[in-house]
Amino acid sequence: MTDITQELDELIYSTDGRRVSFTLDEAIYPRDAVYGAAYLFVDRAFVFLTRPADDRIEVRLKPKEESDKAGLEKLAGEYANELLNQVVRVRVGESTAQIREYYMAKAFFADSNQTSIDALLAELDAEELEEDPLEISVPWEDPSNG
Amino acid sequence: MAETSARLTFHRSLYLPEAVRAAAEAYGAYAESIEVTDTEVETIAVLKGFDPGYGDVLPDGFANHALFETVVRTRATLGGPA
């Protein structure tokens with residue numbers, strides 16, 4: 001079967017009629033993004049990754065269902081779209097990592113939390129010290145005295 | 001069962017060796033033997049003696065499983081959701 005190389009907008013892919021493959025630059029598409037997109041496609045297609053060069057990842061997609069050329073092109077396009085989503089997700093994750101760490105640290109170690117817990121405990125103590133007009137506490141006393 | 005075999009090569013920068021071994025365990029019942037060996041840069045899985053009726057589905061499914069395990073294990077290591 002002849003390999004055909006075609007361009008889908010910016011994605012250059014090749015197909016042998018059964019599968020579609022394309023090579024990605026890892027500097028643009030980090031490995032985590034490739035993984036993220038692959039993870040979402042394993043139920044629809046057989047995904048295989050190879051390393052044609054140090055900074056390149058080749059993605060091969062083979063649909064699980066019978067597919068024609070248009071179906072393969074669609075699959076490649078959908079993978080490329082998902083790949084962009086995943087790249088954004090990875091980049092946002094990286095750029096907000098410090099902020100997340102800061103809030104986590106604040107949530108776990110800040111004094112304000114302890115203060116609010118102390119206030120709640122003091123409130124409970126105060127309630128326990130109030131009068132008991134219904135004498136609910138009586139059953140707990142020694143029955144021989146009653 | 002007719003002698004059918006497939007040799008799959010997984011680059012270690014893309015597939016965790018333990019993920020390939022997990023795939024071998026998961027697919028062990030479908031082949032007479034699955035041998036997994038490591039080189040410096042690759043993990044090689046050789047599937048032997050599987051039903052030819054499976055065609056490419058068995059090796060393709062094996063590779064999918066290895067990739068799935070790699071993604072899940074990598075994310076678990078990083079502390080994120082699977």
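Helices (H or I, at least four residues) and strands (E, at least two) are taken as DSSP runs and numbered from the N terminus. The model is predicted: local features need pLDDT of at least 70, side-chain atom pairs count only at pLDDT 80 or more, and totals for chains, interfaces and linings use all residues. Residues are numbered from 1 along each chain as its sequence is written, chains are lettered from A and ligands numbered from 1 in the order in which they are written, and side-chain values use heavy atoms, with hydrogens and water left out.

Chain A holds 4 helices and 5 strands. Along the sequence their pattern is β-β-β-α-β-β-α-α-α. Contacts are defined by heavy atoms within 4.5 Å. Of the contacts in chain A with a separation of 6 or more, 55% join residues 24 or more positions apart. Chain A has 146 residues, and 29% of them count as buried. Buried means under 20% relative accessible area, exposed over 50%, and partly exposed in between (1.4 Å probe, protein chains only). The accessible surface of chain A is about 10,400 Å², with 54% belonging to carbon and sulfur atoms. Areas come from the Shrake-Rupley method with a 1.4 Å probe; for residues, only the protein chains shown count as cover.

The interface with chain B was examined next. In chain A, 20 residues are in contact with 21 residues of chain B. The two chains, A and B, bury about 1,700 Å² between them, 59% of it on carbon and sulfur atoms. Tyr35(A), Tyr39(A) and Phe46(A) supply 37% of the area that chain A buries against chain B, more than any other three residues. Buried area is the accessible area (1.4 Å probe) that two parts lose on being put together, summed over both.

Polar links also cross this interface. Between chain A and chain B, 10 residue pairs are in polar contact (both at pLDDT 80 or more). A polar contact is a pair of N or O atoms within 3.5 Å; within protein, one must be able to donate a hydrogen and the other to accept it, and residues adjacent in sequence count only if both atoms are side-chain atoms. The interface has 3 salt bridges, each a side-chain nitrogen of Lys or Arg within 4 Å of a carboxyl oxygen of Asp or Glu. Lys62(A) and Asp60(B) form a salt bridge (2.6 Å, N to O). Helix H1 (31-41), strand E4 (45-53), strand E5 (56-63) and helix H2 (69-95) of chain A each give two or more residues to the side that touches chain B. E4(A) gives the most, with 7 residues.
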